[in-house]
Amino acid sequence: MVSHSIWIVGTSRSGKTTRLVQEFCSWVKPKNTYIDSFYTKNQGREKGDNVSKFLYLKPTEPGVLVLAANDDNRRELGDKIVTSTSGKYPVRGKTPLGFFQDEIILFWPLLINSLNLKAQFPVRLRPETEQELATKLWRSQLDAEILRLAGVNESRLVRRILDLFQLAAYGGVPCEEIAQILARGLGENSTNLEPEFLASLLLDWRNWCLERGLLTYGIITELYSQHLLSDRNYQKHLTKRYQAVLADDVDDYPGVARLLFELLLDQGAVGAFSYNPDGAVRLGLGADPNYLEGLADRCRVETLTGPPPESLGQQLATQMVELVTHSIMPLSLPEIVHSIQTTSRAQLLRLTAQVIANAIQSRQVEPEEVAIIAPGLDAIARYTLVEILVKQNIQIESLNDQRPLISSPVIRALLTMLALVYPGLGRLVDRDAVAEMLVVLSRKQKPSENSPLTTPNSSLLTLHSALITDIDPVRAGLIADYCFVPHPDRPNLLPVSAFERWDRIGYAATTAYNEILQWLEQQRSQQEQRLIPSPISLLDRAIVRFLWNGSNLPYEQLAALRELLETAQHYWEIDTRLRQTSSGRIGEEDAGTWGRGDAESSFPASPRLPLSLSSSSASAATITEFIQLLRRGTITANPYPVRPIGGARKAVTLATIFQYRSSRRSHRWHFWLDAGSPLWAKGGAATLFGAPFFLQDRLGEPWTAENEKVAEQQRLRRILADLLSRVSKRVYLCHSDLAVNGQEQLGPLLPLVNACVTVISETSQELGTST
């Protein structure tokens, strides 16, 4: 019997997504015969119906589950579908984890009944809050001896343990079986920590979260795959809502996604899936491409040709892979492959930036046609490249630059403001922080029509040229030295007249300081009268009063402020839930025995967490925890939406290998930075501890050094094939003999560097010419 589902196989940029959109259009396009598998019982199937007639969906209820590998791809896929159907069919794309989360929340009452959970609305924990609470819950058990045996610090160990739970959930392995999988996989090569001990920590953590209605990605995935998906009532609702499933890049999906797809296909739904053999970007981070590939047996396989003719993948992929994997030395690589070679990495960064600047200024290439790709980007590399290019009026876009929030001066200034308004936070403030706050809060926009901030593609680095600062750093330092009064409970700012030579401050700075001082006094008074609902409201007031500047904030700064507010809102939402639970307002009984098999579950009756304090000092303690959490640099996620509205920026793209491959972008010119780095074999992203143990085709099997060697070779082959499919004109291999730490770089791409004929070095007479 011929399957009506379709499995689309193709390399990068071979047209897989376009083919999926065409398939969707064939589903929703009205036909003379309105037949699908759900109407077969009443109408029967007519002979001669082809796949294009298989499914008819009403515009108001498309009934198609649309999935994409990540959030950016989800938006792009949704945009393509809406454009192709002229907006007649409402489509709400999801990532697999986003879909699991929505289903768990929607059918939470069903889980309450089946698992005997407390009747409370679930609250999702963000990863940083998850790690914070798990650390406090396990602190008594993760003593110095345990940390010594593990060989890592407390934060790294907690993250590793939580990742094990998430990997198990993605692979469809119940939490109760984690110890067994680890024992088989680790064997004698143990981490010196007993698998039973690690599993007991995770069971306690899961039960503690479920008692309080807290959901992590791991708990969400386990609840969905182990309980909700097998529930008959849920299956009835699911198959009634979705008569078709369209999934793009399933090679990056977790293994449990196949359980969902098979259920829908078993109930007669039609499916369309795309698979990239050169993809698997998230292999080692929860994806199981080999297991998902098994769905092809239930579909009609359609193989697409390679990348477009202008792609370099057809010309170079085979040659480069052979050169790297088998060390076969050809006479030379084609002239479209150039190398930039220096002795030190500092020279390499400067020379690479100069080559890019020269090419753009000579009109050989546009900024948006250039991508700088590296296995890892440290702060020095980012700063050097950005600084050199921006000075030559070339904008640079860091792709998914997830730097800690605390790295933003605006965020630091707002946290200092919190400590000056709320009592009990004086130890979190010093003179330098106060001076920085005065500089940031006294900035105002220039009254100029030609300000860079009036353009949609303005960068954060152009902020200084568009704003004027009434209190410059020197005056801010003087004010902080003479007018700031430290105090553990009530730090204070004195009037500017407390400085004997306050006339040196100047009129503009004095006026701005008095405005800030008056506003702080007003907020303190309202806080004492309990007129400020929460610190979130105070942050919002400060943003509107001092930073909004007529809504002309650059996108990077706006994203940081949005992320701060989202983080604060989430933090106080969790604080509220923990207070309710600890005070008994939600319920006193335990969450039952689920999660321990036949054994009784034991939950900490009142976990010693600062978030659950119920005394009058709880507010100060919670704000202290919040500020310290930010200062540790754990908040790095992007806010929603993660991209600016409007056309594409005319900027050079700067990304790691993982970020670039995940974004599915393509450019005319590629600059592969640190081509001699050994990190190219790692794919630019660290594999999670224990990830191979939870893959379905090798569940619990030991992971040997030979397995790691083969995996690195396969990963490197996929990286080369994928990147070469995403560049159309020229590739620069940027190599320095010495790394940042002074060690010689002998990475897997070094044979490619040595095979280049066109070489640009610091000894070149003219940049951009070969030597």
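Student: Is strand S17 mostly covered or mostly open?
Tutor: This is a predicted model, and in it S17, residues 727–736, is mostly covered. Eight of its ten residues are buried.

Student: How many bridges join S8 to S17?
Tutor: Six bridges join strand S8, residues 337–342, to S17, and the two run parallel. Within that pairing, Ile340 has Cys734 of S17 as its bridge partner.

Student: And how many join S16 to S17?
Tutor: Five bridges join S16, residues 667–672, to S17, again in parallel. His667 is bridged to Val727 of S17.

Student: Back to Cys734: is it buried or exposed?
Tutor: Cys734 is buried, because its relative accessible area is 0%, and the cut-off for buried is under 20%. Cys299 is also buried, at 10%.

Student: How many disulfides are there?
Tutor: The count is zero. The rule asks for a pair of cysteine sulfur atoms within 2.5 Å.

Student: Changing topic, which residues have the most contacts inside the largest nonpolar core?
Tutor: Trp138, Trp205 and Phe261 do, in a core of 82 residues.

Student: What is Trp138 in contact with?
Tutor: Leaving aside neighbours within four places in sequence, Trp138 is in contact with Val158, Ile161, Leu162, Leu201, Leu202 and Trp205. There is also a second, separate core of 61 residues, which includes Leu405, Leu425, Val434 and Ala509.

Student: Now the helices. How far does H18 reach?
Tutor: Helix H18, residues 409–421, reaches 19 Å from its first C-alpha to its last. That is close to the 18 Å expected for its 13 residues at 1.5 Å a residue.

Student: Why is H18 described as largely enclosed?
Tutor: Eleven of its 13 residues are buried, so the rest of the structure largely encloses H18. Among the buried residues are Val410, Ile411, Leu414, Leu418 and Val421.

Student: Which residues of a helix point the same way, in general?
Tutor: An α-helix has 3.6 residues a turn, so residues three or four places apart point the same way.

Student: Let us turn to the open sheet. What is its strand order?
Tutor: The five strands are ordered S2-S5-S6-S1-S7, with parallel pairing. S2, residues 64–67, and S7 are the edge strands, each pairing on one side only. From one strand to the next, the twist averages 15°.

Student: How many bridges join S1 to S7?
Tutor: Four bridges join S1, residues 6–9, to S7, and these strands run parallel. Ile8 has Glu302 of S7 as its bridge partner.

Student: Which strands does H1 lie across?
Tutor: Helix H1, residues 16–28, lies across S1, S2, S5, S6 and S7. H1 runs at about 170° to S6.

Student: Is Thr305 buried or exposed?
Tutor: Thr305 counts as exposed because its relative accessibility is 65%, and the cut-off for exposed is over 50%.

Student: What does Thr305 touch?
Tutor: Not counting residues up to four places away in sequence, Thr305 touches Thr11 and Ser14. Thr305 and Ser14 are 291 residues apart along the chain, with their C-alpha atoms separated by 6.2 Å.

Technical notes: Residues are numbered from 1 along each chain as its sequence is written. This is a predicted model: local features need pLDDT of at least 70, side-chain atom pairs count only at pLDDT 80 or more; totals for chains, interfaces and linings use all residues. Side-chain values use heavy atoms; hydrogens and water are left out. Buried means under 20% relative accessible area, exposed over 50%, partly exposed in between (1.4 Å probe, protein chains only). Two strands pair if DSSP finds at least two bridges between them. A nonpolar core is a set of buried Ala, Val, Leu, Ile, Met, Phe, Trp, Tyr and Cys residues joined through side-chain atoms within 4.5 Å. Contact means heavy atoms within 4.5 Å. The expected span of a helix is 1.5 Å times one less than its number of residues. Axes are lines fitted to C-alpha atoms, for helices over the stretch in contact, and angles run from 0 to 180 degrees between N-to-C directions.
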